[in-house]
Amino acid sequence: MDMITKMVMERPVVIYSQSSCCMSHTIKTLLCDFGANPAVYELDAMSRGREIEQALLRLGCSPAVPAVFIVGELVGGANEVMSLHLNGSLIPMLKRAGALWV
């Protein structure tokens, strides 16, 4: 968990993903289209990816990916991010985090 804490504090927006996960792709595309420029960690391409995936599950991410963190705080997976977007609070959250300049 210390590894996750360190990684999510390095950038305003962090996404844990798997390259073969369609929901991860959707969330990455959504945030990139807004201009958020998230740090993306593809767990299936990382040497400690399985360990990180298990830590994400212990944090309450189910499924483990996608897992989105904004300013070090777990926002959630695809359902939570899409809900924030649909209710109009995702973009203001990204602006407060310093991830968007517009």
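**Contacts, rings and backbone in a predicted model**

Me: What does Lys 28 touch, leaving out residues up to four places away in sequence?
Reply: Lys 28 touches Ile 15, Ser 17, Val 40 and Glu 42, where contact means heavy atoms within 4.5 Å. This is a predicted model, in which local features need pLDDT of at least 70 and side-chain atom pairs count only at pLDDT 80 or more, while totals for chains, interfaces and linings use all residues. Residues are numbered from 1 along each chain as its sequence is written, and side-chain values use heavy atoms, with hydrogens and water left out.

Me: Is Lys 28 buried or exposed?
Reply: Lys 28 has 15% relative accessibility and therefore counts as buried (buried is under 20% relative accessible area, exposed over 50%, and partly exposed in between, with a 1.4 Å probe and protein chains only). Its place is in helix α2, residues 22-34 (helices are DSSP runs of H or I with at least four residues, strands are runs of E with at least two, and both are numbered from the N terminus).

Me: And which side chain does Lys 28 join through a polar contact?
Reply: That of Glu 42, at 2.6 Å; a polar contact is a pair of N or O atoms within 3.5 Å, of which, within protein, one must be able to donate a hydrogen and the other to accept it, and residues adjacent in sequence count only if both atoms are side-chain atoms.

Me: Switching to rings, how many aromatic pairs does a search of the whole structure find?
Reply: Two, where rings of Phe, Tyr and Trp (its six-membered ring) pair if their centres lie within 6.5 Å, and planes under 30 degrees apart count as stacked, over 60 as edge-to-face and the rest as tilted. The rings of Tyr 16 and Tyr 41 have centres 5.5 Å apart and planes at 25°, so this pair is stacked. Tyr 16 in strand β1 (residues 13-17) and Tyr 41 in strand β2 (residues 39-42) are 25 residues apart.

Me: Which ring forms the edge-to-face pair with Tyr 16?
Reply: Phe 69 does, at 5.8 Å centre to centre and 80° between the planes. Because Tyr 16 lies in strand β1 and Phe 69 in strand β3 (residues 67-70), the pair ties together parts 53 residues apart in sequence. Both Tyr 16 and Phe 69 are buried.

Me: Where is the cis peptide bond with omega of about 5°?
Reply: It joins Ser 62 and Pro 63, and Pro 63 sits in the loop between α3 (49-59) and β3. The bond from Val 65 to Pro 66 is also cis, with omega near -5°.
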